[in-house]
Structures are given as C-alpha cells and as structure tokens.
Amino acid sequence: MNRIWISIILIALALPALACHPELEGSSEVGGDDPFGAESFDPAAPVGTIAPYDTSDVAPAPTPEEGQCGSAMGRAQTELTNRERAEADLPPLACHDGLTVVAIDHSQDMAERGFFDHVNPDGEAPWDRMNAAGVTGWRAAGENIALGYPTAAAVTKGWMNSPGHRANILNGDFNSVGVGIYEHNGRLYWTQLLARF
C-alpha cells in the first residue's frame, strides 16, 4: 500500500515539471492548464456568439505564387492574426509553407478520423507532426485549433476571446505561422501552427 502512495506522489511531483518542458509546451511563456498553450473550443458552442470582424478591407497575406501557404481563407486568417499582433506592437508572422502543410494535414486528420484535439489518435503532438513532415530548426511552437467557425474573421475573434489561444497569437517569441482549414460535412476544422525558427 505504501508503494502505491509513493508512486502516486512521485507522479504528482513529476507532472508540473513535464508541463514546463519546452518540447511539450512549445513555448515556456505560454501558461494555462493545457500543455499546448491553448484550450480547445467546444464544438457545440454557437457560432452566433462571436461578433464578426469588418473584413471588407482584408487582403490575403502576399505569397510568391497563388496556392502557396494555404488557401485564400487561411491567408486571410493570417492577415487578421497579424493585425492583432500589430495592435499589440508585435512584428507580423511570416507565412511558412511547411507549417501550413502540417496544419492542413491535422485539420483533415481530425475531420476524417473524428477527433478534436492537439494530439492525434496515434499520440502525435504538434511538434511530432512538424518533425515528421520535415519542419525542423524551430525553437518554440504552439497550436490553436477550432471547429465550426465559418470564416477567418469568426475564428480569429474566437481565438482572441480565449486566453490560451490569444496568448499563442500574441506570443512575441513566434515569427512564423501556417493555417490549415478542412471542410467536412459542412463544418470547418481549423489548425493554426505558430513557431519560432
């Protein structure tokens, strides 16, 4: 019986150390209960509770060629993210093709395998997926996910109204982003990967 209690105490003592490990958290500056620096949205939350942004003047982030760095909607979300960063006196995030591919793949994977989480059913965290896709050289990373938001403006507003997601977007340590969107059964799955290279 004493061995069981000792094991439980040792595990409890180890958990805070694991939560602060940069590889698990992605960024030591992002706090909260979620080891990924952002809590997940409730897929059942009504979309109508989010006030829309005025997107009449939103142009997608420029890319060298059409089709690079995600969809037009993903580039619009990047532009809105960069507006939020500008308001906080932070530099803009550069669109990163590798992060975008990993983000698109994760959104598609969540939709097709029916889960909604930062860790896929194979146990791969965002950083595992990044490394497996050949995205290397990063020093910090974070991920935001969302489900059911119909526009870039709506998902940006939702993320900015959530402390963990907002912390990722306004993390001055990040310099790159990739946004992946996948539609399944009329619902959009969103993944935003942020990193410092």
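Which residue stands opposite Tyr 182 in strand 4? I went to strand 4 for that one and found Tyr 189. I kept in mind throughout that this is a predicted model.

**Entry 1: overview**

I counted the elements of the protein chain and got seven helices and four strands. I then read them off along the sequence, and the pattern came out as α-α-α-β-α-α-β-α-α-β-β. I looked up burial for the chain as well: of its 197 residues, 42% count as buried. For contacts with a separation of 6 or more, I noted that 69% are between residues 24 or more positions apart.

The four strands make an open sheet in the order 1-3-4-2, and the pairing is mixed. Strand 1 (94-95) and strand 2 (140-147) sit at the edges, each pairing on one side only.

I went through the pairs one at a time. Strand 1 and strand 3 run parallel and are joined by two bridges. On the strand 3 side, I found Ser 176 as the bridge partner of Ala 94, and Val 177 as that of Cys 95.

Strand 3 and strand 4 run antiparallel, with nine bridges between them. Besides the tyrosine pair I opened with, Tyr 182 and Tyr 189, I noted Glu 183 opposite Leu 188 of strand 4. These two strands form a hairpin with two residues between them. In that turn I checked Asn 185, and its phi is positive, about 55°.

Strand 2 also pairs with strand 4, in the antiparallel sense and over eight bridges. Here I picked out Ala 141, which stands opposite Ala 195 of strand 4. Strand 4 is mostly covered, with eight of its 10 residues buried.

I also looked at what lies across the sheet. Helix 4 lies across strand 1, strand 2, strand 3 and strand 4, and it runs at about 30° to strand 3.

**Entry 2: helix 3**

How far apart are the end C-alpha atoms of helix 3? I got 23 Å.

I listed its buried residues: Gly 74, Arg 75, Ala 76, Gln 77, Thr 78, Leu 80, Thr 81, Asn 82, Glu 84 and Arg 85. I then asked what they pack against, and found helix 6 (152-160), helix 7 (163-169), strand 3 (176-184) and strand 4 (187-196).

Arg 75 of helix 3 got a second look. Is Arg 75 buried or exposed? It counts as buried because its relative accessibility is 3%, against a cut-off of under 20%. Its C-alpha atom is 8.1 Å from that of Cys 95, 20 residues apart along the chain. Cys 95 is the residue I had already paired with Val 177 in strand 3.

**Entry 3: helix 6 and the cores**

I turned to helix 6 next. Eight of its nine residues are buried, so helix 6 is largely enclosed by the rest of the structure. The buried ones are Ala 152, Ala 153, Ala 154, Val 155, Thr 156, Gly 158, Trp 159 and Met 160. I found them packing against helix 3, strand 2, helix 7 and strand 4.

I then looked up the largest nonpolar core, which has 20 residues. Ala 146, Tyr 149, Val 155, Trp 159 and Trp 190 touch the most other members. Helix 3, strand 2, helix 6, strand 3 and strand 4 each give two or more residues to this core. Helix 6 supplies the largest share, six residues. Apart from this core I found another, of 11 residues, including Trp 127, Met 130, Val 135 and Trp 138.

**Entry 4: His 118**

Where is His 118? I found it in the loop between helix 4 (97-113) and helix 5 (126-132). His 118 counts as buried because its relative accessibility is 1%. I checked its side chain for partners too, and found a polar contact of 2.7 Å with the side chain of Glu 143.

Notes:
Residues are numbered from 1 along each chain as its sequence is written. This is a predicted model: local features need pLDDT of at least 70, side-chain atom pairs count only at pLDDT 80 or more; totals for chains, interfaces and linings use all residues. Side-chain values use heavy atoms; hydrogens and water are left out. The expected span of a helix is 1.5 Å times one less than its number of residues. Buried means under 20% relative accessible area, exposed over 50%, partly exposed in between (1.4 Å probe, protein chains only). Contact means heavy atoms within 4.5 Å. A polar contact is a pair of N or O atoms within 3.5 Å; within protein, one must be able to donate a hydrogen and the other to accept it, and residues adjacent in sequence count only if both atoms are side-chain atoms. Two strands pair if DSSP finds at least two bridges between them. Axes are lines fitted to C-alpha atoms, for helices over the stretch in contact, and angles run from 0 to 180 degrees between N-to-C directions. A nonpolar core is a set of buried Ala, Val, Leu, Ile, Met, Phe, Trp, Tyr and Cys residues joined through side-chain atoms within 4.5 Å.
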